[in-house]
Amino acid sequence: MHENEELRGWGESTVSRGLVHRVEGTAQLAELMASAGGRGETVAFRGGGRSYGDAALNTGGSIVELGRLDRILEFDSKEGIARVEPGVTIAALWRMSIAHGFWPYVVPGTMHVTIGGALSMNIHGKNQYKVGSFGEYVRSFRLLTPSGEELRCSRTENADLFHAAIGGMGLLGCILEIELQLKRVSSGRLLVHARSTRDLGEAMQALDTSQADSDYMVGWIDCFARGSRLGRGLLHLAQQVPAQENPDPFLSPARQDVPGRAFGVVPLAWLWPGLWLTVHGRAMRWVNMAKFYAGIREASRPAYLQTHGAFHFLLDYVPGWKRALMPGGLLQFQPFVPKEQAHAVYTHILERCQREGLVPYLGVLKRHRPAPFLMSYYVDGYSLALDFSVTGSNRERLWKLCREMADHVLAHGGRFYYAKDSVLTPEQFRANHEPGAIEQFLALKARVDPKNVLQTDQWRRLTNSGQGSPLLARAG
């Protein structure tokens with residue numbers, strides 16, 4: 001069964017129409033790809049739909065939703081090794097594993113990402129500087145190519161495809177099954193320290209000096225602050241609770257979910273209308289200011305215990321929060337910049353946004369390290385994720401600004417993450433990787449997908465190929 005449907009990137013600012021197929025097995029997948037190749041049509045894969053832009057859209061082609069391939073096939077509760085289908089979500093994985101004392105090594109800001117999508121985008125969490133990227137805990141996977149061939153890929157078997165498909169945007173085949181290593185945890189809670197920072201330089205220095213003592217780190221940045229206060233914010237540094245200090249392990253799945261109420265009283269699902277008024281009433285400057293001063297008070301208090309779920313999955317706190325940004329949605333711009341250039345580059349970006357009157361309502365700062373994959377976007381440095389509210393009146397200026405800022409980032413050795421990208425041009429795509437990486441990727445794609453069946457709106461935008469309309473705007 002398939003239907004012609006409208007689909008959106010997770011940021012809601014990129015829209016597409018295509019034939020959506022909800023498959024339930026390998027045979028159906030193989031037949032779909034073979035028939036598309038025979039007709040000269042294109043196919044894209046979609047997991048939880050959490051890529052912000054056009055990475056899981058395919059205008060005029062087929063979109064294969066993999067959410068029904070969601071079985072946890074096997075779990076070794078002694079070693080923490082899981083074998084899962086691609087549609088299993090991070091939520092389903094940790095809810096199964098936490099009772100056995102295991103947690104995924106890498107989780108993003110929402111638990112509703114699928115494991116297949118996490119592999120294909122090689123996602124990161126708040127501990128990338130310490131443990132690396134998601135792909136570093138993939139032991140092996142089975143790959144179904146458009147020609148119908150099934151290949152087992154690992155570090156020793158089809159190693160070239162293993163290192164290219166992790167972070168390969170789903171363009172080399174469909175991941176059928178993943179074997180994943182999880183990490184042992186002695187507690188379902190983390191000990192969290194808050195630290196207020198006066199400016200961007202202090203925030204970056206604190207992330208550097210806290211690496212050895214922190215298992216997770218993340219910083220919030222006030223993008224509206226100017227001058228000597230530019231980049232002021234609040235860091236959260238978290239540590240695993242040692243077993244000997246943990247009389248209550250707190251390992252029940254029911255105790256891990258994000259809280260459902262603010263202050264234990266107000267349902268969080270009720271908050272988005274207030275957020276809408278804040279965004280559209282142009283009050284985000286004052287919200288950021290209030291958050292900064294609240295952060296000073298938080299940092300003056302002792303460290304506190306927080307569950308893994310509450311610490312990691314901030315994007316799941318307020319159901320329907322994206323409605324606050326409608327009708328235009330949001331654009332995220334996340335440059336990864338080497339540590340030597342990061343302060344100057346981020347200062348340039350924040351000041352440029354302020355001059356243009358296009359200030360991000362949210363900024364998130366993280367520390368990173370390189371990753372050993374062909375299409376890696378990681379650097380020994382930082383990332384600064386900037387969320388912009390998109391409107392009908394600012395859309396064209398915003399895309400132009402982000403492309404100009406991307407040129408500046410790339411000129412200083414920076415990189416971009418395709419799960420967040422909505423703006424990069426073909427020239428910027430080429431500059432986003434080490435010399436020869438794209439050529440090697442294209443050679444592998446030609447080998448496993450000679451008819452170029454696997455395409456997305458993002459891929460056509462990045463390679464200047466095909467027709468499609470990757471930037472169909474929402475009315476707003």
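Modeller: Y52 is a buried residue, with a relative accessible area of 7%; buried means under 20% relative accessible area, exposed over 50% and partly exposed in between, with a 1.4 Å probe and protein chains only. W10 also counts as buried, because its relative accessibility is 8%. The model is predicted, so local features need pLDDT of at least 70 and side-chain atom pairs count only at pLDDT 80 or more, while totals for chains, interfaces and linings use all residues. Residues are numbered from 1 along each chain as its sequence is written, and side-chain values use heavy atoms, leaving out hydrogens and water.

There are 19 aromatic pairs in the structure. Rings of Phe, Tyr and Trp (its six-membered ring) pair if their centres lie within 6.5 Å; planes under 30 degrees apart count as stacked, over 60 as edge-to-face and the rest as tilted. W10 and Y52 form an edge-to-face pair, 5.3 Å centre to centre with 80° between the planes. This pair links distant parts of the chain, 42 residues apart: W10 is in the loop between β1 (2-8) and β2 (15-22), and Y52 in the loop between β3 (43-46) and β4 (62-65). Strands (E, at least two residues) and helices (H or I, at least four) are DSSP runs, numbered from the N terminus.

W103 and F313 form a tilted pair, with 6.1 Å between centres and 35° between planes. That pair links distant parts too, 210 residues apart, with W103 in strand β7 (residues 102-104) and F313 in the loop between α9 (308-312) and β17 (330-333). Both W103 and F313 are buried. Elsewhere, F336, Y377, Y378 and Y417 make up one aromatic cluster.
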